[in-house]
Amino acid sequence: MTYERRAAAWLLLAIACFLLSVWKGEPHRGYGDMREYFDNTESIWLMGELGYTPNAAAPGGKEYHRYPVGLPVLAGPFLFAGLGLERVTSGALAHRTVVAAMIPLLALCACALALDLGRRM
């Protein structure tokens, strides 16, 4: 392994540690907007409701999404992986924790892409 590749690997490891140190993956203590993204993701992928989330307290029992649906659409594979892991671990690992892992993973991929583009210039 060349020096450049070792340096890139250490840099990505450091970025991953930073991202995981500020990551709030626990579904009930995370950021408020993330809970809404989780609700949107579940309503899109599990209920087929693209425009709104079921909410008994809202008029008509439905609440329209406040945020764009791009991230919830991309989170589909993470949702199904999380549901599978939640089933295998008997609920010890919540499916929303796996969906929340999407944020640091996408950020790390963006950093790796920026590093690669920087090397090529």
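Let's start inside the protein, where the largest nonpolar core brings together nine residues: Met34, Tyr37, Phe38, Ala75, Leu79, Leu83, Val99, Ala100 and Met102. Such a core is a set of buried Ala, Val, Leu, Ile, Met, Phe, Trp, Tyr and Cys residues joined through side-chain atoms within 4.5 Å. Two or more of its residues come from each of helix H2 (32-47), helix H4 (76-88) and helix H5 (95-100), and H2 supplies the largest share, three residues. Helices here are DSSP runs (H or I, at least four residues), numbered from the N terminus.

This is a predicted model, in which local features need pLDDT of at least 70 and side-chain atom pairs count only at pLDDT 80 or more, while totals for chains, interfaces and linings use all residues. Residues are numbered from 1 along each chain as its sequence is written, and side-chain values use heavy atoms, with hydrogens and water left out.

Now look for Trp45 and Phe80, which form an edge-to-face aromatic pair, 5.8 Å centre to centre with 85° between the planes. (Rings of Phe, Tyr and Trp, the last by its six-membered ring, pair if their centres lie within 6.5 Å; planes under 30 degrees apart are stacked, over 60 edge-to-face and the rest tilted.) Trp45 lies in helix H2 and Phe80 in helix H4, so the pair ties together parts 35 residues apart in sequence.

Buried means under 20% relative accessible area, exposed over 50%, and partly exposed in between (1.4 Å probe, protein chains only).
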